[in-house]
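Please look over the sequence and the structure before reading on.

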Amino acid sequence: MTRLERLLLLLVLALLVAALAGVLALGVGIDGTAYGRVALLVAALLAGAVFYRTVRPAPPLAAAISTSCLIFA
């Protein structure tokens, strides 16, 4: 994972924490199942990007998968 990808992932995680804190502070209900499914999708895409960057080097494919991961996150 490149430095830029790590920074973008940290930004996404920070925004997620801020959004969840806001939801909890306002007492609004959230759909945990839907969030869980998206989280699993993002984790699978991230694992695929790391696989195609390290185990089976294919930089264009790894970049496309990591970009999709960040879009879904």
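In which helix is the place of L13? L13 lies in helix α1. The model is predicted, so local features need pLDDT of at least 70 and side-chain atom pairs count only at pLDDT 80 or more, while totals for chains, interfaces and linings use all residues. Residues are numbered from 1 along each chain as its sequence is written, and side-chain values use heavy atoms, with hydrogens and water left out.

**Helix α1**
- Helices are DSSP runs of H or I with at least four residues, numbered from the N terminus.
- Helix α1 covers residues 3-26, and its 24 residues should span 34 Å at 1.5 Å a residue; the expected span is 1.5 Å times one less than the number of residues.
- The end C-alpha atoms of α1 are 35 Å apart, which agrees with that expectation.
- After α1 comes G27, which has a positive phi near 75 degrees.

**Nonpolar patch and L13**
- L7, L10, L13, L16, L20, I30 and Y35 make a nonpolar surface patch of about 620 Å².
- With five residues, α1 gives the most to this patch.
- L13 has a relative accessible area of 43% and is therefore partly exposed (buried means under 20%, exposed over 50%, partly exposed in between, with a 1.4 Å probe and protein chains only).

**Aromatic pair**
- The structure holds one aromatic pair.
- The ring centres of F51 and Y52 are 5.1 Å apart and the planes stand at 80 degrees, so the pair is edge-to-face (centres within 6.5 Å; planes under 30 degrees apart count as stacked, over 60 as edge-to-face and the rest as tilted).
- F51 counts as partly exposed at 35% relative accessibility, and Y52 counts as partly exposed at 22%.

Notes:
Helices (H or I, at least four residues) and strands (E, at least two) are DSSP runs, numbered from the N terminus. Patches are made of residues with over 30% relative accessible area and no salt bridge: like charges are joined within 9 Å, nonpolar side chains (Val, Leu, Ile, Met, Phe, Trp, Tyr) within 5 Å. Accessible areas come from the Shrake-Rupley method with a 1.4 Å probe; for residues, only the protein chains shown count as cover. A salt bridge is a side-chain nitrogen of Lys or Arg within 4 Å of a carboxyl oxygen of Asp or Glu. Rings of Phe, Tyr and Trp (its six-membered ring) pair if their centres lie within 6.5 Å; planes under 30 degrees apart count as stacked, over 60 as edge-to-face and the rest as tilted.
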